[in-house]
Amino acid sequence: MTEHIQTTAFSRRGFLIGSGSAAIAVAFGSGLRSASAAGTADLGAFVSIGADGIVTFICPASEMGQGTRTSLAVIFAEELDADWSKMRVMQAPADAKLYGNPKFGNQQSTVGSYAVTGYYAKLRLAGAQARKVLLMNAADAWKVPVGELTTEPGMVVHAKSNRKIGYGELAKTATVPNPLPEVTKADLKPEAQFRLIGKNIDRIDVPSKTNGTAEYSMDVQVPNMVYGAILYCDVQHEKPVQIDDSAAKRIKGVVKIVPLPVGVGVLAETVEAAFRAKEALKVTWTKTTPAQTYSNDGVLADYRTIAADWSKPGVDMVKKGDADAALKGAAKVLTAEYFSEHLSHVCMEPLNATVHIQGDKVEVWAGNQAPVTQQMAAAAVAGVPPANVTVHTMLLGGGFGRRSDADTVAHATMLAKASDGRPVKLIWTRNEDMMNDKFRPLTVQRLEVGLDAKGDVVGWRHRIVNESYLGRVLPPPIFQKIGMRDEVSGGGGEMSYAVANHRVDWVRAARGVDVGAWRGIAAGYTKFAIETFIDELAAGKGTDPLAYRIAMLKDDPRAQAVVKAVADMSRYNEKRQGRALGLAYSDSLHSHTAAVVEVSVDEKSGAITVHHVWAAVDAGLAVQPKNIEAQMRGAMVFGLGAALREEVHIKDGVVEERNFDGYPVLRMSDIPPMDVKVISNDSEPTGIGEAGVPVIAPAIANAVAQLTGKRLRHLPMTPDRVKQALG
């Protein structure tokens, strides 16, 4: 493969730039906040205003295509009363104290759909605080009470004297108090006065991504840079024992071969030389890790045994009432098992990182979801304090949870230590990216639901068995401190349904392969189990699934509303010739989402065709309604791929799918029409980037059951599995 890689003088990016680009009213940049220029006022951690009136918002979250730079800037600009045409966005440095997410333990991580919901209140207050500083300066300049002043976009106004002054003019001589003035919720705008929040404002990252000027970490070029590549063992976590690098060293451009704890590194003057040298290495590896015996089928069978054995203790993820006792006293108990296979992230931009070590200072360029994590990883490898590490968070060519890990930066830092002061750019091939992925965990779930004589639910017990993400990434004392709970691997079992006795427990079953967060997190498989079982319960009671859900959601009007909305959108009660509709609801990520899909099944081939998807979502106040629609569609495409096709097989510890030829993500032609309704209200915004994933697989399975009478309980629902279910 590496033989085909050549440096080209005419790149796609060069073509796009050369094609010309229209001027954009709102631009964005990346990189650290530089020292303030003369006449520029820094009004807190999130903003500086230039003498030209340009307002630079410092974005604490990473942009990976979800529109967070626009949404967070809108929230801040709303309270600052900024002129949107003069807004710029810069990426924040790694600093959890300043830029931590209040609803994510003050970590500076862009994960779990927490960006808007986590920063909403913090940024509104920060915007109001900056506005207050401008008002104070104008009051001093005009010798009038602050209370007589108001603002309009980008201007302070004194109506009594008919005077106005632009934010830029004020910035030239502004006095910024230390500490900044206190603001409270009472200083915030009433929602009725919002000019930006709730409006459809064009995303600021899109123009640069379409004209070729956007900079991802793959684009980083540092003077005197060398390229890095690492040969890893096919089985995760094995180490090199013997290295024959004689052939690799003869390749022109190779600078150095570097034995590493994680593999064998190559430093070279060109990426082509680095990749060729890597291929020329001959290495024998240890065979000591648990992953040596890892194969999907064996692990699945093992997990089934664990799931059925309630004497094996798990971690309580949900505990309401006494589900165990309720099941013992039930008139009837229904049981079902659900299976889901590993998934890969396959970010379109393969993982890469550039690291430069100069003395005791380290500089890192990487598209990442957690800059402080990258900072700590680089510091640990380089042997310097974290404060000595500067992290440039670049645009992410796909994240989906994968870039919250710091392994690429850590490995690039290992190479940088061996590079004699030259910056190193480590690039993984697609092959290595998939081989070393942190997969969505292979999972077995078991549901046991007790019914009374009327068929009503009296107790619900749900067990989830898989590998732990947090158990891998957290230091053991911290994992112990949080009760060894892992919402990433074992979450999503909570329900808005009216069930008095509800227990969800999660069992960690480590088998040696790394798992991680994948878009939709655990709800991507737990809602599959819950929502398909809800359909079975409705069928058992002789009730339509729509009516059954509405009745079971009697305590949550917002949940009922999205279910009713999507039923109306899809004309749920109309029968389709040769097709069927399936419904599913999710309350994961604190948002209410419901979807209906229309499917047909080719019983001969086992292929499921999804003809249409309708979805309704209530994520509280819709900050950017059109972006919510876009995020829902993107997430539902992920949900379709996970439901129907995507699957990673591991045999004897070796990942079998290494590229898109073996790992079929959906193509454009596979995407059905999607209609999305956004229900906005005055509740604080909740998560949206992943909310569309969990509803798709159960909606498809429920539609297939309506059409064929057969239940599908194994993800993905491939043609072979469908044929097997149909008998």
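Modeller: Happy to! Let's start with a group: Phe 46, Phe 57, Phe 76 and Tyr 99 form one aromatic cluster. Before going on, please note that this is a predicted model, in which local features need pLDDT of at least 70, side-chain atom pairs count only at pLDDT 80 or more, and totals for chains, interfaces and linings use all residues. Residues are numbered from 1 along each chain as its sequence is written, and side-chain values use heavy atoms, with hydrogens and water left out.

What describes a pair of aromatic rings? The distance of the centres and the angle of the planes do. Rings of Phe, Tyr and Trp (its six-membered ring) pair if their centres lie within 6.5 Å; planes under 30 degrees apart count as stacked, over 60 as edge-to-face and the rest as tilted. The structure holds ten aromatic pairs.

One of them joins Phe 104 and Tyr 114, a tilted pair with 5.3 Å centre to centre and 45 degrees between the planes. Both Phe 104 and Tyr 114 lie in the loop between α3 (96-99) and α4 (115-142), ten residues apart. Such helices (H or I, at least four residues) and strands (E, at least two) are DSSP runs, numbered from the N terminus.

Now look at Tyr 497 and Tyr 585: their ring centres are 6.0 Å apart and their planes are at 70 degrees, so the pair is edge-to-face. Tyr 497 lies in the loop between α16 (487-490) and β22 (502-508), while Tyr 585 is in strand β23 (residues 580-586), so the pair ties together parts that are 88 residues apart in sequence. Tyr 497 counts as buried, because its relative accessibility is 3%. Tyr 585 is buried too, with a relative accessible area of 2%.

Rings can also have a charge over them: NZ of Lys or CZ of Arg must be within 6 Å of the ring centre and within 35 degrees of the ring normal. The charged end of Arg 440 sits over the ring of Trp 518, 5.3 Å from its centre. For Arg 519, the ring below the charged end belongs to Phe 638, with 4.9 Å to the centre.

Key: Buried < 20%, exposed > 50% of the residue type's maximum accessible area, 1.4 Å probe, protein only.
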